[in-house]
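Hi,

Here is the structure I promised to pass on. Have a look at it first, and my notes on what turned up follow below.

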Amino acid sequence: MLPLLRLLQDGRFHSGEALGAVLGVSRSAIWKQLQVLEAELGLPVHKVRGRGYRLESPFLLLDEQALVNSEYCHSWPVSILQSVDSTNAEVFRRLARGHIPPFIVLAERQVAGRGRRGRNWVSPFGENLYYSLAIQINGGMRQLEGLSLTVGLALLRALQASGMVGAGLKWPNDVLVSGSKIAGILLELTGDPADVCHVVIGIGVNVNMLANKATIDQSWTSMRAELGHVVDRNIFIRELNRQLSQYLGVHQEQGFSALRDEWQDSHLWQGLEVTLTAGTEPVKGVVLGVDQVGAIRLCVAGVEESYSGGELGLRLHDDS
Ligand code: BTN
């Protein structure tokens, strides 16, 4: 099915005859493969009598060569999967089988993409970025402090370098553009956090998604919607790898405190009135910033309080 997809990815019309000739199969075999494409990958194919077939919208498939043959070529090995439950889950399976980090797993589609706080992450085929990087942490808890915020900063810089100048951060690690979510980060951990452990850095970016194919329970946007053109995910991944390698290096050597001011400068909700939600009692306060370990600092009824934890989320005060 992949060779057919590669021929169709330009979004132009191709006749069944021409496709069959290139792939060395009959027109009816092409027709059957197109049915599978639509049914299994959810890719709408337009069929027009006399013109042939074309995908509803063009896209560029993930391409290992395009990731490797670049000036920013990075030493992290990459695996590209066509479909997976979750790239984070796949990394955990590989770690359990003895794969040695660092390594990256990418997928064209996730059928059970995981978001923070038990949410699912909508992951249609070929449109967005589903990226998981496994790293090893040797320094115990100190090396974990502020790590997810550091990843957010690296992701933000990669988006900005790709033209998303209006993007900013929302604690703990969402990336927003004009109040809408464009990317999210899910860090998961295996091993002993006090000693040697593995961290799976899961990153989801809405790259070329335009239509809301599944229900997304929050306002969202994509790079394509903001920039007005299709984005080559391979180029974006190279930039993301470059930024991650740089920021994770600083974090490893100097800790989050070295990045704290930079993070706060990019925090869209500095000084705003917010509600902190944690499943228990919501807390209302004004955002003061983050502390040395990445916890959010709020002024609550005139008193400074810090909060941290993967289950916490922020809402704007007036955002019902
Ligand atoms: C969030 O809720 O904001 C975090 C979303 C993280 C989604 C990414 S997509 C790649 C990786 N695999 C997953 O299952 N989730 C993360």
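Among contacts in the protein between residues at least 6 apart in sequence, what percentage join residues at least 24 apart? It comes to 63%, where contact means heavy atoms within 4.5 Å.

Before you read on, a word on the ground rules. This is a predicted model, so local features need pLDDT of at least 70 and side-chain atom pairs count only at pLDDT 80 or more, while totals for chains, interfaces and linings use all residues. Numbering runs from 1 along each chain as its sequence is written, and side-chain values use heavy atoms, with hydrogens and water left out.

**Overall build**

The protein has 9 helices and 14 strands; these are DSSP runs numbered from the N terminus, with helices being H or I of at least four residues and strands E of at least two. Its radius of gyration is 21 Å, close to the 20 Å that the globule rule gives for 320 residues, so the protein is as compact as a globular protein of that length. (That radius is taken over C-alpha atoms, and the rule is 2.2 Å times the number of residues to the power 0.38.) The C-alpha trace spans about 70 × 45 × 35 Å along the principal axes. Of the 320 residues, 49% count as buried, meaning under 20% relative accessible area, with exposed over 50% and partly exposed in between (1.4 Å probe, protein chains only).

**Helices**

H5 (residues 87-96) is mostly covered, with 7 of its 10 residues buried. Among them are Asn 88, Glu 90 and Arg 94. The buried residues of H5 pack against strands S3 (78-81), S4 (103-107), S5 (129-137), S8 (180-191) and S9 (197-205).

H6 (residues 147-161) and H8 (residues 233-254) pack at an angle of about 145 degrees, their axes 8 Å apart. Axes here are lines fitted to C-alpha atoms, for helices over the stretch in contact, and angles run from 0 to 180 degrees between N-to-C directions. Residues making this contact include Leu 155 and Leu 159 of H6, and Phe 236 and Tyr 247 of H8. By class, the H6 contact with H8 has 13 nonpolar, 3 polar and 2 charged residues. (Ala, Val, Leu, Ile, Met, Phe, Trp, Tyr, Cys and Pro count as nonpolar, Asp, Glu, Lys and Arg as charged, and the others, Gly among them, as polar.)

Most residues other than glycine have a negative phi, and most peptide bonds are trans. Two cis bonds to look at: Pro 101 to Pro 102, with omega near 5 degrees, and Trp 171 to Pro 172, with omega about 0 degrees. Pro 102 is in the loop between H5 and S4, and Pro 172 is in the loop between S6 (167-170) and S7 (174-177).

Arg 117, not a glycine, has a positive phi of about 55 degrees; this residue lies in the loop between S4 and S5. Ser 178 also has a positive phi, about 45 degrees, and sits in the loop between S7 and S8. Arg 117 is partly exposed at 33% relative accessibility, whereas Ser 178 is exposed at 69%.

**Cysteines**

There are 0 disulfides, a disulfide being a pair of cysteine sulfur atoms within 2.5 Å. Cys 197 is buried at 1% relative accessible area, while Cys 299 is partly exposed at 26%.

Cheers
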